[in-house]
Amino acid sequence: MMKEPSRSLARFCEIQRRLAMSILDKAIAAITPPVSDEKRLEARDKARATAEPGDWLSQILDHHEEIEDAFAEIKAASTADARRVAQKRLGVLLNGHAMAEEAVIYPALAEAGKLGHANTAYTEQAAAKMQLAALETLDPLSDDYLDKLGHLEGAVATHVYQEESDWFQYMKQFASVEAQAHATVRYREEYGRYIDGGPSIGRFQGEGRSFASDGRHI
Ligand SMILES: [Fe+2]
């Protein structure tokens, strides 16, 4: 007797969840309309021409390309397990890149005079993290999964285009030499912290003071 209502409730909750996800996807798509491949390539070439070897911008461009390759790997995977492994790789790359930009690059962009762009960048990356997390709840071989992956890839591509065609061009031109040198070192450090375990694991020295891995001064 109790089974039927609880199945109905579960079905209702599932429909509500999918509806909420679909509304979120549409809202994100409305904020970030798609950009043509031609325009994206043009922006990438321009950004590469602006970057200097090893600087913060060249590191970011390398990571943008790795993220694009990771999306392609997921789509090329033909089994659920292979797709999950590729998705995990995308998650590490995308979250590591986003964390480093949020800790270092967007504050520098705001400091250089573009607080509005920095706020937009934070908002877009928060939405991408939510979509990335949602992928973990879906069957990797389902249509819903591919739909969600497509929305995420589109949103990331548009976000990257904004960075390469506009925001980072501005920062490269108007941020001080000192701020850019700082960004180069700190972006590498934050990205490495996420990708490799980095200097926050175990003990490290910070301006003459020592810290334990839990942040306590020692
Ligand atoms: Fe980026």
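Is Glu163 buried or exposed? In this predicted model, Glu163 turns out to be buried, and its relative accessible area comes to 0%. That makes a handy way into the metal site, since Glu163 is one of the residues that hold the iron ion.

The iron ion is coordinated through NE2 of His64 and NE2 of His97, along with OE atoms from Glu101 and Glu163, at 2.2 to 2.3 Å. The angles among the four donor atoms run from 83 to 170°, and the site counts as irregular. Along the chain, the donor residues follow the spacing H-x32-H-x3-E-x61-E. His64 sits in helix H3 (residues 56–76) while Glu163 belongs to helix H6, so this pair ties together parts of the chain that are 99 residues apart in sequence. Like Glu163, His64 is buried, with a relative accessible area of 2%.

Next comes Glu164, which is also placed in helix H6, spanning residues 143–174. Glu164 is buried, at 2% relative accessible area. Leaving aside residues up to four places away in sequence, Glu164 touches Arg40, Ala43, Arg44, Ala47, Leu61, His64 and Gln169.

Met99 is part of helix H4, which covers residues 80–111. With a relative accessible area of 35%, Met99 is partly exposed, whereas Glu163 is buried at 0%.

Note on methods: Residues numbered from 1 in each chain as written. Predicted model: local features only at pLDDT ≥ 70, side-chain atom pairs only at ≥ 80, totals over all residues. Heavy atoms only, no water. Helix = DSSP H or I, 4+ residues; strand = E, 2+ residues; numbered from the N terminus. Buried < 20%, exposed > 50% of the residue type's maximum accessible area, 1.4 Å probe, protein only. Contact = heavy atoms within 4.5 Å. Donors = N, O, S within 2.8 Å, 3.2 Å for Na, K, Ca; no water. Tetrahedral: all angles 85-135°; square planar, octahedral: opposite > 155°, others 65-115°.
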